[in-house]
Amino acid sequence: MLQHCSLLLLLCAAQLLSSSSALPFEQRGFWDFAMDSLENSDMMTMMRDQGEGSAVEEIPTPDMPMCPFGCHCQLRIVQCSDLGLTEVPRNIPPDTKFLDLQNNRITELKENDFKGLTNLYALSVRNNLISKVHPKTFIPLKHMQKLYFSKNLLTAIPKNLPASLVELRIHENRIKKVAAGTFSGLGNMHCIEMGANPIQNSGFEPGAFKGLKLYYLRISEAKLTGVPKDLPDSLHELHLDHNQIQAVELEDLSRYRNLNRLGLGFNHIRNIENGSLSFLPMLRELHLDNNRLKRVPQGLPSMKYLQVVYLHANNISQVGVDDFCPRGFGMKRTYYNGISLFDNPVNYWEVQPATFRCVNDRFAIQFGNYKK
């Protein structure tokens with residue numbers, strides 16, 4: 001019965017996987033990071049091991065590594081969350097692929113904490129009290145691809161991260177500075193979540209992101225007053241929501257021609273300089289809600305692939321007939337499927353129907369009532 005329950009839990013966890021979104025990553029359990037990265041061969045091997053070796057798994061043999069006290073070890077996953085631990089436990093099985101240490105009271109990662117864990121794929125130390133990481137802590141982790149470090153007390157990004165790292169979640173720490181060369185040698189890194197850190201524009205030294213080929217970067221809930229300079233030009237998603245950005249200048253977006261999604265909601269933006277959006281030919285989603293714009297940004301009609309535009313909760317009082325759609329037919333490759341304009345001082349009955357001639361469905365347009 002225990003075997004069937006374990007298999008069912010694995011299958012249920014796999015159903016919960018989703019692609020990256022604009023919201024901050026919230027890891028609620030060790031299955032969140034364990035199941036999204038198991039290759040099919042590993043999954044089948046683990047299931048087979050669970051089924052065929054179950055008769056002896058409950059009685060450890062001398063050759064079988066012990067599970068750390070209080071933890072749960074199964075299918076090369078070691079769960080040690082919510083135990084009140086003040087340090088990384090010993091006796092972690094050397095074949096561990098997923099190590100969950102979240103929701104504890106660990107204050108420091110030491111040099112030999114992960115010694116011998118050469119097969120580790122993902123590590124979560126989320127929601128601890130970690131303020132210090134030894135420079136050699138991650139050296140044994142030659143194959144680690146995912147590191148979840150959110151909700152700790154770090155003041156700097158740890159040094160000597162594994163070259164194999166693909167995803168780093170370091171949301172909600174105390175990081176104020178990203179020095180030049182911080183990510184040196186991390187050419188495999190595709191995703192960084194570093195929102196909710198008290199970092200200003202001056203906190204990014206020139207060359208801070210040099211060498212990275214990022215697809216996803218989130219620096220939300222920080223203290224940015226403008227779009228940061230010299231971010232990787234490979235970005236597909238850039239989220240800068242919940243900052244103090246005042247305006248978007250002409251050159252701010254000039255290097256991000258691969259961008260599909262841009263999040264600038266919940267800022268103080270009053271102006272987007274004409275021509276700024278022309279640098280984003282592949283953009284599909286533009287989030288400018290909860291700002292201080294007085295008009296629809298110029299350049300939207302020429303964006304052939306733009307599908308979603310969030311402009312609600314601004315100060316827009318007029319919407320022109322050519323603000324969203326090009327004049328000629330066939331110029332827009334993809335029609336809009338979402339335009340939000342509610343909570344703006346614009347009277348929807350004054351907007352001409354032809355304004356939304358390149359929108360898929362009338363239900364895709366949201367006006368609503370304006371409240372002062």
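Confidence comes first. Across the chain, the mean pLDDT is 86, and 81% of the residues reach 70 or more. Two stretches stand apart from this picture. Over residues 1-21 the pLDDT stays under 50, and the model has 23 contacts beyond four places in sequence for them. Residues 37-62 also stay under 50, with 28 such contacts. Where pLDDT is low, the predicted coordinates should not be read in detail.

A disulfide is a covalent bond between the sulfur atoms of two cysteines. Three of them turn up in a search of the whole structure. With the bonded cysteines numbered in sequence order, the pairing reads 1-3, 2-4, 5-6. Cys67 is joined to Cys73, with the sulfurs 2.0 Å apart, and this link is right-handed, with 80° about the S-S bond. Cys71 pairs with Cys80 at an S to S distance of 2.1 Å. The torsion about the S-S bond of Cys71 and Cys80 is about 115°, so this disulfide is right-handed too. Here both cysteines are buried.

The remaining disulfide joins Cys325 to Cys358, again with an S to S distance of 2.0 Å. Its torsion is about -85°, so the disulfide is left-handed. This pair links distant parts of the chain, 33 residues apart: Cys325 lies in the loop between strand 16 and strand 17, and Cys358 in the loop between strand 17 and strand 18. Cys325 and Cys358 are both buried.

Next comes the interior. In soluble globular proteins, nonpolar side chains tend to be buried together. The largest nonpolar core in this model has 86 residues, of which Phe138 and Phe324 touch the most other members. Beyond its neighbours within four places in sequence, Phe138 is in contact with residues including Leu109, Phe114, Met144, Phe149 and Pro162. Elsewhere, His287 sits in strand 15 and is buried, at 12% relative accessible area.

Finally, two backbone angles deserve a look. Most residues other than glycine have a negative phi. Leu75, however, has a positive phi near 55°, and Asn127 has a positive phi near 60°. Leu75 lies in the loop between strand 1 and strand 2 and is buried, at 14% relative accessible area. Asn127 lies in the loop between strand 5 and strand 6 and is partly exposed, at 33%.

Methods. Residues numbered from 1 in each chain as written. Heavy atoms only, no water. Helix = DSSP H or I, 4+ residues; strand = E, 2+ residues; numbered from the N terminus. Buried < 20%, exposed > 50% of the residue type's maximum accessible area, 1.4 Å probe, protein only. Core = buried A, V, L, I, M, F, W, Y, C linked by side-chain atoms within 4.5 Å. Contact = heavy atoms within 4.5 Å. pLDDT = per-residue confidence, 0-100. Disulfide = S-S within 2.5 Å.
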